[in-house]
Amino acid sequence: QVQLVESGGGLVQIGESLKLSCAASGRTFSNYQVGWFRQAPGKERECVVAIDRFRISTYYLDSVKGRFTISRDNAKNTVSLQMNSLKPDDTGVYYCAAGSIMTSRPGQWPYWGQGTQVTVSS
């Protein structure tokens, strides 16, 4: 029902910035909450940021507060993640997700992109 495609990942050094983008399908994008999750090697997938369909409620993982910003443009069916002051612990595969409810649990998000690799060198 919903297709998501991420882009913008890459290799950066400590302190640099990256902007990830997620393109979603159709006009129904505006009906869903969206979020960004990441999974580092040997770690569980975790919710990084999320934003509700009306752009009223947001969630930020404590370790990214003040550094990452999520935004969405319902008219363009896109969601982005601006990542500043990147740290080695930010390394992982980043996934765009969409769902009906706001939650930090990955298992409760039904729609996922393919993921994009972010690597922050030490």
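Predicted model: local features only at pLDDT ≥ 70, side-chain atom pairs only at ≥ 80, totals over all residues.
**Ground rules.** I number residues from 1 along each chain as its sequence is written, and I leave hydrogens and water out, since side-chain values use heavy atoms.

**Entry 1, Asp52.** I looked up Asp52 and found it in the loop between strand E5 (46-51) and strand E6 (58-60); strands here are DSSP runs of at least two residues, numbered from the N terminus. Is Asp52 buried or exposed? Asp52 counts as buried because its relative accessibility is 8%, where buried means under 20% relative accessible area, exposed over 50% and partly exposed in between, with a 1.4 Å probe and protein chains only. Leaving aside neighbours within four places in sequence, I list Gln33, Ser57, Arg72 and Met102 as its contacts, a contact being heavy atoms within 4.5 Å. I also noted that the C-alpha atoms of Asp52 and Ile101 are separated by 8.1 Å, although the two residues are 49 residues apart along the chain. A polar atom of the Asp52 side chain lies 2.9 Å from the backbone nitrogen of Phe54, and one lies 2.5 Å from the backbone nitrogen of Ser57.

**Entry 2, the sheet.** Next I traced an open sheet of 4 strands, in the order E1-E3-E8-E7 with antiparallel pairing, where two strands pair if DSSP finds at least two bridges between them. Strand E1 (4-7) and strand E7 (68-73) stand at the edges with a single partner strand each, so one side of each has no neighbour in the sheet. E7 and strand E8 (residues 78-83) run antiparallel and are joined by 6 bridges. Arg72, already listed as a contact of Asp52, stands opposite Val79 in E8.

Which residues of the largest nonpolar core touch the most other members? I found Trp36, Val49, Phe68, Met83 and Tyr94, out of 29 residues in that core; a nonpolar core is a set of buried Ala, Val, Leu, Ile, Met, Phe, Trp, Tyr and Cys residues joined through side-chain atoms within 4.5 Å. The largest share of this core, 4 residues, comes from E3. Not counting residues up to four places away in sequence, Met83 touches Glu16, Ser17, Leu18, Leu20, Arg67, Phe68, Tyr94 and Val118. Apart from this core lies another, of 5 residues, among them Phe37, Cys47, Ala50 and Trp109.

Terms used
Polar contact = N/O pair within 3.5 Å; in protein donor to acceptor, adjacent residues only side chain to side chain.
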